[in-house]
Amino acid sequence: MTVPNTPPDPARADGVTDAVPAPYAADRDPYAAPGPASELYGLPPGVDPTAGKERSAEPLAQRLLPELRIGAATVLACLVLGVAMGALWVWLAPKVPLVVDGNKILYADPEGEQRAGADSVFVLLGLGAGLLTALGAFLFTRKRGGGISVAAGLAVGGLLASVGAWGLGRWLGPGRDLVAQARRVGNGGHFSADIDLGAYGAVLAWPMAAMVLLLALSAAFGKREEDPPPYWVPGPPVQGAGLPAAHPAAHPAAPPEDRGADRADRADRADRWEDAPRDRREG
């Protein structure tokens, strides 16, 4: 019969001791060289905590080059679509009819709303172009998660394309020299006035529509990033933590180069235990 405080037998048949090795044992050399990065950060073996920092070490110009390419491509696509918008505006906008009366040029329809109609057509075309460019930019950059270059390209490209469409429409539309046209048609003749915008804020329809749609698509269908765990969630699990001492998993296997030394240490402790007096072993 032994007392309850009998020390455990270090040499068991299954070769597993009852004591869980302390991570900060006394025999650990405090001046030893640090282990691998995974051990220092408490990560599983083979995981490099500095793997995600390789991108931050790249030069700033090299990191900005892909963003500049995407932004430039977005602006170029908007400018090409702006040419089509200017041609459509000339074709769809209502014309302002004028009539020559002696030495005067009068409106053929004084109460007509052709000027306002031209502004409305330009706004509708700008809204459609903004929705189209925003949808295309989102679909082409969805895998990479969009980026500030997409939004900046749509805003700058939409504004430049709207101004370009306005200028192209004025150039393609009827001439601005009303006197020359009145002389050409003669007294009592009819001709159309030049096409122009009465509300200059119409050029903002394209970039505003593009920004709103891009924001909505990014919020609803954009690439999601994994949320960080709550602050109360512990770090990566430690092998053998929370298991009873007798459980084999509580004693991680030693590295291959240290197994021989560990086995010799256990055998030495077993020999010393056998050589100890019986009264000391029984408490």
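Predicted model: local features only at pLDDT ≥ 70, side-chain atom pairs only at ≥ 80, totals over all residues.
Let's call a residue buried when its relative accessible area is under 20%. Helix 6 covers residues 205–221, 17 residues in total. From first C-alpha to last it reaches 24 Å, close to the 24 Å expected at 1.5 Å a residue.

Which residues of helix 6 are buried? They are Ala 205, Trp 206, Pro 207, Ala 209, Ala 210, Leu 214 and Leu 217. As for what they pack against, the partners are helix 2 (60–92), helix 3 (114–140) and helix 4 (148–172).

Two of those partners also meet each other. The axes of helix 3 and helix 4 come within 11 Å and cross at roughly 150°. Angles over 145 degrees count as roughly antiparallel, so that is the label for this pair. The crossing itself, where helix 3 passes helix 4, is right-handed. On the helix 3 side, the contact is made by Phe 122, Thr 133, Ala 134 and Ala 137; helix 4 brings Val 150, Leu 154, Ser 162, Ala 165 and Trp 166. Sorted by class, that contact has seven nonpolar residues, two polar ones and no charged ones.

Now zoom in on Thr 133, which sits in helix 3. Is Thr 133 buried or exposed? Its relative accessibility is 11%, so Thr 133 counts as buried. Setting aside neighbours within four places in sequence, Thr 133 is in contact with Cys 78, Leu 81, Leu 154, Trp 206 and Ala 210.

Conventions:
Residues numbered from 1 in each chain as written. Heavy atoms only, no water. Helix = DSSP H or I, 4+ residues; strand = E, 2+ residues; numbered from the N terminus. Expected span 1.5 Å × (residues − 1). Buried < 20%, exposed > 50% of the residue type's maximum accessible area, 1.4 Å probe, protein only. Contact = heavy atoms within 4.5 Å. Axes fitted to C-alpha atoms, helices over the stretch in contact; angles between N-to-C directions. Parallel < 35°, antiparallel > 145°, perpendicular 65-115°, else oblique. Left-handed = near helix turned anticlockwise from the far one by under 90°. Nonpolar A, V, L, I, M, F, W, Y, C, P; charged D, E, K, R; others polar.
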